[in-house]
Structure formats: structure tokens, C-alpha cells
Amino acid sequence: MRLFLALTPDAEAALAIDNWRLQHWPTTGREVPIQNFHVTLCFLGDVDERRAERLVLTLDEFVERPRGLEVEFDKPGYHPGSTVTWLAPAEPPAALMLLGKRMRTLANRAGIRVDKRPFRPHITLARRVDHPPPPPLSTPRVRIRFDRIDLMESVRERSGVRYRECASWSAN
């Protein structure tokens, strides 16, 4: 299974991001469907069932659930190396950065080795963008409240990639 830990925006926030993207920053490339919008806290890669179960048990025991973590996404960007456009917080809250670090620590505790690159919270808007897009027509200001952490599986299908929720940890 190809897994990752994520924060997923609610439908209203996802629609607000999509509306901004369509009206203020149309780009070339393959747009990410709004149902796939998320902030990756920790990419886990290919994980066998035994390690996935151990991760769930570890998170059940040690994860601190987000309680109304609010993040403003107000910085669009393009990364030529990965050919993606994204929307990020210009100033990520300390609580978000600590959550990303904590997810890596817990994944390692469960026996899953994770990428050493620094955590840069963002929502990918489009992939395979082969050249830098023009500046957006406006600066986005989408505030999202996150109340849960999701363990997601990336499933490849003929129509593209679909994300399936495997487990969730919420503040409620």
C-alpha cells in the first residue's frame, strides 16, 4: 500500500481553493481534483500491511489530535523540479510544523523510514506543469480549520489517482 498522513480540507475550503485556482491562477498541466486536496504531513511510501497496522496502533496510542488547527493558505507557488503548482501558508503556524515533525517521529517508531526532506506544508493544485505559470491575478486567502489527521492510501486507477481513507484521528 502506498500511504501518507494528511490533513484534509473540508468541502467548503476545497471549493474555495478550486474557485480561486480557476478564476485567478489557471495553469497548464494536470489539475488535481478537489477531492484530492490535502496537506501531506508525512509521506510513508510503500508500506506492507503489518507495518501499516503497527502505525495505526502507534498513532492510536501517541498521536495528539489537532484541536481546531487554523491555517491560512495565502502563498501560491511553482516548483520546477517537481513540476507542480501549490498553495501554502506564507507563515505556517508553529503547531502545524510540530505536527508534521511528530508524524515523522511516530512513523519511525512504527518501523517506517520516512523522507528526510524538510516539511513544507502545501496543497498541490496541478501536476506536470512544464513551465513557470504567470503570476496569479490575486493573492488567495483561504483559512482552513483542521480537526483530524487521516491515514490515506494512494490508489492508481485508469482515470488517475484516488485517495482512500484508511484511518482517522479527530479531536472529537
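Ile149 touches residues from several parts of the sequence in this predicted model. Not counting residues up to four places away in sequence, its contacts are Leu5, Ala6, Leu7, Leu41, Val63, Glu64, Pro66, Leu99, Met103, Ala167, Ser168 and Trp169. Ile149 also belongs to the largest nonpolar core, which has 41 residues. Within this core, the residues with the most contacts are Ile149, Leu5, Leu7, Leu41, Leu44 and Met103. Helix α3, spanning residues 94-109, supplies the largest share of the core, namely five residues. In soluble globular proteins, nonpolar side chains tend to be buried together.

The sheet may be considered next. Four strands form an open sheet in the order β2-β7-β6-β5, and their pairing is antiparallel. Because β2 and β5 (75-79) stand at the edges with a single partner strand each, one side of each is left without a neighbour in the sheet. Helix α1 (residues 11-24) packs on this sheet and touches β2, β5, β6 (84-88) and β7; the direction of the helix makes about 40° with that of β7. The antiparallel pairing of β2 with β7 (residues 123-127) runs over two bridges. In this part of the sheet, Glu31 stands opposite Ala126 of β7.

His38 lies in the loop that joins β2 (30-31) to β3 (39-46). Its relative accessible area is 12%, so His38 counts as buried, the limit being under 20%. The side chain of His38 reaches the backbone oxygen of Asn36 at 2.8 Å, and it makes a polar contact with the side chain of Thr40 at 2.9 Å. Leaving aside neighbours within four places in sequence, His38 is in contact with Phe4, Ala6, Leu7, Thr8, Pro9, His122, Ile123 and Tyr163.

The cysteines remain to be described. The structure holds zero disulfides. A disulfide is a covalent bond between the sulfur atoms of two cysteines. The cysteine sulfur closest to that of Cys42 is in Cys166, and because the separation is 14 Å, the two are too far apart for a bond. Cys166 is likewise in no disulfide, and its nearest cysteine sulfur is that of Cys42. Cys42 is buried, whereas Cys166 is partly exposed.

| Residue | Relative accessible area | Class |
|---|---|---|
| His38 | 12% | buried |
| Cys42 | 3% | buried |
| Cys166 | 32% | partly exposed |

Notes. Residues are numbered from 1 along each chain as its sequence is written. This is a predicted model: local features need pLDDT of at least 70, side-chain atom pairs count only at pLDDT 80 or more; totals for chains, interfaces and linings use all residues. Side-chain values use heavy atoms; hydrogens and water are left out. Buried means under 20% relative accessible area, exposed over 50%, partly exposed in between (1.4 Å probe, protein chains only). A polar contact is a pair of N or O atoms within 3.5 Å; within protein, one must be able to donate a hydrogen and the other to accept it, and residues adjacent in sequence count only if both atoms are side-chain atoms. Contact means heavy atoms within 4.5 Å. Two strands pair if DSSP finds at least two bridges between them. Axes are lines fitted to C-alpha atoms, for helices over the stretch in contact, and angles run from 0 to 180 degrees between N-to-C directions. A disulfide is a pair of cysteine sulfur atoms within 2.5 Å. A nonpolar core is a set of buried Ala, Val, Leu, Ile, Met, Phe, Trp, Tyr and Cys residues joined through side-chain atoms within 4.5 Å.
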